[in-house]
Amino acid sequence: MSVLPAEIHTALDNLLKGLQSPDNVERTAAEEQLNKEWVGERPDVLLMGLSEQIELANDTSTRSFAAVIFRRQSSKPRKTAQGGTADLFLTLPQAEREAIRAKLLQCLGVETVATVRAKIGDAVAELARQHTDEKVPWPELLEALFSASQSNESGVRETAFRIFSTTPGIIEQQHEDVVMAAFKGGFSDSDTSVRISAVEAYASFFRSITKKAQPKYFQLIPEILNILPPIKESQDGDLLTKALISLIDLAEVAPKMFKPLFNSLVQFSVSVIQDKDLGETPRQNALELMATFADVAPVMCKKDPTYTNDMVTQCLSLMTDVGMDDDDAEEWNASEDLDADESDSNHVAGEQCMDRLANKLGGQAILAPTFNWLPRMMTSSAWRDRHAALMAISAISEGCQELMVGELDKVLDLVIPALRDPHPRVRWAGCNAVGQMSTDFAGTMQEKYHQVVLPNIIPVLESSEPRVQAHAAAALVNFCEEAEKNILEPYLDQLLNHLLMLLQSPKRFVQEQALSTIATVADSAEAAFAKYYDTLMPLLFNVLNEEQSKEYRLLRAKAMECATLIALAVGKDRMGQDAISLVQLLGRVQNTVSDPDDPQASYLLHCWGRMCRVLGQEFIPFLAGVIPPLSELAAAKADIQLLDDEDQVAAVQEEEGWELVPLKGKVIGIKTSTLDDKHMAIELIVIYAQVLEAAFEPYVNDIMDKIALPGLAFFFHDPVRVASAKCVPQLLNAYKKAHGPESTQLGQLWERTVERVLEVLSTEPAIDTLAEMYQCFYECVEVIGKNCLTSTHMSTFIESARSVLQDYQERVKERLEEQAEAEDGEEASEDTLFAIEDDQNLLSDMNKAFHTIFKNMSTAFLPHWEQLMEFYKAAVVNQDPTQRQWAICIFDDVLEFSGPQSWAYSQHIIQPLIDGMQDDVPANRQAAVYGVGVAAHKGGEAWSDFVAASLQMLFSVTQRPSARADDDVFATENACASIAKILHYNSAKVPNWQDVATAWVDTLPVTNDEEAAPFAYAFLAQLIDQQNPAVLNQPAKVFQFVAQALEAETLQGTTATRVVNSIKTLVQVTNLNLAQVAASLTPEQQQTVQAYFT
């Protein structure tokens, strides 16, 4: 029965018809009426009217549409009486809310048409979300849903679980026995669809509860797994897919719950993957389930007796499912759509899974079962087997890199013959493997195997199939971009002759790829490419000068890229007048770009940046044409859309360049392609500011205020914030170069910049990006220089740092708790390792920020700095070596930049330095011994007793068995420099000075640390000048130590000149036989000695 008058329903009926009208004008008018007259003026009548339409309308389409409109409108934001905003339904008076809720639940219980009931369920779920999110009680809901889950009608039972699935929060607070009983009932339901809905609801519920609450519900897993075999037997692929997707959700959250039955699940999943009658989707979802376990529980997978073998076998089998109706590859050869989406194909699913298995389980687990198959597959008469084997090598090389790198010759023995295979798709796969290995084994492939790879892949450029030609050229990009110029030089003639031949290909995509490869070769060959300049550049100019139709735009773009990379390789002098001609040509091309999808536009931006680097200050006249379009792109706002229903979501998913984010029951679409362009444009602005410096001044204010500073808080896209953080200091530097360090103009710009930069140190949510913000801050301070921070600035910095350190401690605590729960042999997840690395980078950049403030503000920073003493004291005794290093480095800064005033903090600093010198972590020893040296150099009388007493410990650091190993050598060399500082600045406090000085000579050489070397060798020169016995008695050794440092280039500039002059004196005074000493040096050291001493 209706509580609203008939005329309301007549008006509503007309409104619903108008909203569904195919006529745009009519539909727009109805939407305006809905928003203005109904939502704006009487929302309570609208929602009650819609609930009555759902109950009373005769035709199913009206009931269904009324439920959809109810769901959408109920969640519209509306102002509350208190001045905030809330979902529209929750702003209605309580009596109306209760009446509408009751009506909706009643409709849900009595509706007999499944599709309509589903829409009513969605509306109920939306209201449930609102009540749960805002903690508004709806006591009748749970009772109604539990009752529905036991209804005689299977459709009603299914709908109840669907609502639980969409809004799991409504059962989170219930007693576990009640929840358990409801799920058990669902899992044992007589109707398969209900059982699956119950599994989906369980997965959703499980994801929503806390980690501590999860184990109570592990016991339901056997009942869930029992649902699967009958569905597989019935060959219902759709239902099986739904079940598998829910299991994937559960595996991601709590893989351990499957442990007791894991092998059974592996066997079941493998049987699904093998069952070709089921269709591709359930088979691929079974594969995805198994791959998810590799991602989140690699130890469990490796311990399972059949997992690795079975998974490798199934992946390889799926990878042979390629080109089924195209045995001779005729269609494949004819296709020019190289980017055809095959992501839902079995062979791609197999490749991607192999990649994940290799990355997560590692070579130790994967290589044996894989190479058990590969040699047989490579000699198979079936081309699909050979193709799959090569794609498997491409897929696993990254994850198995450590073990495969030592066996590359054997792997190449399998791959290289494939480049001559009779079947084009096998040759293509061979090129793919070479390209992938060139990246994954970068360095080794190029240095050790260039004579195997290049002579075999270059001839593939002559293939009769354009797709194979293009892929061989693409593989050469991977090889060449990681190759040193001396490796490429002998092959340049052969390589470029073949690539020039490809430029004559009738296929445009081959020409485009050839240009990309030539560009990469130029980039790697650098000056050696000059020989080919006269052949190539005129060809590129021709391409750019020709009037070409739309389909040639990408070719022109690639030609611009190639020409500008060649310009960078050979330089301005070799180009002569061509450099200006090329820039003018780019300007003409830019004037022809008008379509938003023209690929030339984004290529042009990079080309301008390269030409700026080539021309330097000569580029200034062209800035006026370059910067405005670049600034427009860099200032782009985020394109965000609120997607109300599944159709809108589906439409956006079809388009490329969108990211979908769920938010409060709705979906927000963010156009990432716009944001990628914005990020790229800001990065290019950084290049212009770096290269042009003062000449960039006219653009600085505008870019700083409209792009760079707002970009620091552009929370839609992390890379935009990172690029903005790199941009700000470069803009300040350009302004400083133009106006001078003491200028009013720079002061005004800094005043408004520093506030914004300090602000983001408190608001940046991403840890890796926060590290970039600290880097931005300290680089800005470096640019502006001495006394650039006020007391308020320093206070703000310290408060931000306090908050960051508290959050960091919380993260460390959570990781330790997770580690404690981990089982024996269970390694930290990749996410955890990345998080630890992000935190280490953050601490490192915070350190540099403290260092830079001390360097520029000196003792004025101390009162602010000491407010965080609790954090430094906790860090220096922490088990985590990164935290100990962080605190010692900060104490080093106090010593270095506060001079004698640092003694006020000696009770906090001395013990950490003593402990640090004995720390087994080399980086911490280095920080501590450096600190002792700084105390000797800068600390004055107060520190002299402590530093003299530290000598024995410093010598111990240099005498460790591993003192000269790669990890330890910096600590050793810093100890050497610190001993020198103590002997020089605190000589009065060293009782056996001569003995110590003699022993010190043996702590040399310093051939790695460029900061430690000047102190050590200046002191050595001092000893020689004083004709001290420490050096007079062992001149050959002293000469060797100097030769080693000169050859290593740690000894340079005025210090080198001074030391060389002293050594010449030493040679004369001691009659040293130079020829004899030189014989013990390496050829490189002999060469260096000759340069300095003859």
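**Helix contacts and domains**

Tutor: In this predicted model, Glu351, Met354, Asp355 and Ala358 of helix α19 are in contact with Met391, Ala392, Ala395 and Ile396 of helix α21.

Student: Are α19 and α21 roughly parallel or oblique to each other?

Tutor: The axes of α19 (residues 346-361) and α21 (residues 383-396) come within 8 Å and cross at roughly 40°. Angles under 35 degrees would count as roughly parallel, and the crossing is right-handed. The relation of α19 to α21 is therefore oblique.

Student: Is the crossing of α46 and α47 left-handed or right-handed?

Tutor: The axes of α46 (residues 881-898) and α47 (residues 906-917) come within 10 Å and cross at roughly 125°, and these two helices are therefore oblique to each other. In their contact, Ile888, Phe891, Asp892, Val894 and Leu895 of α46 meet His908, Ile909, Pro912, Leu913 and Gly916 of α47, a set that divides into seven nonpolar, two polar and one charged. The handedness of the α46 and α47 crossing is left-handed.

Student: What distance separates the centres of domain 1 and domain 3?

Tutor: The domain assignment gives domain 1 as 305-322 + 343-438, domain 2 as 442-527 and domain 3 as 530-610. Taken over C-alpha atoms, the separation between the centres of domain 1 and domain 3 is 39 Å.

Methods: Residues numbered from 1 in each chain as written. Predicted model: local features only at pLDDT ≥ 70, side-chain atom pairs only at ≥ 80, totals over all residues. Heavy atoms only, no water. Domains from an automatic or database assignment. Axes fitted to C-alpha atoms, helices over the stretch in contact; angles between N-to-C directions. Helix = DSSP H or I, 4+ residues; strand = E, 2+ residues; numbered from the N terminus. Parallel < 35°, antiparallel > 145°, perpendicular 65-115°, else oblique. Left-handed = near helix turned anticlockwise from the far one by under 90°. Contact = heavy atoms within 4.5 Å. Nonpolar A, V, L, I, M, F, W, Y, C, P; charged D, E, K, R; others polar.
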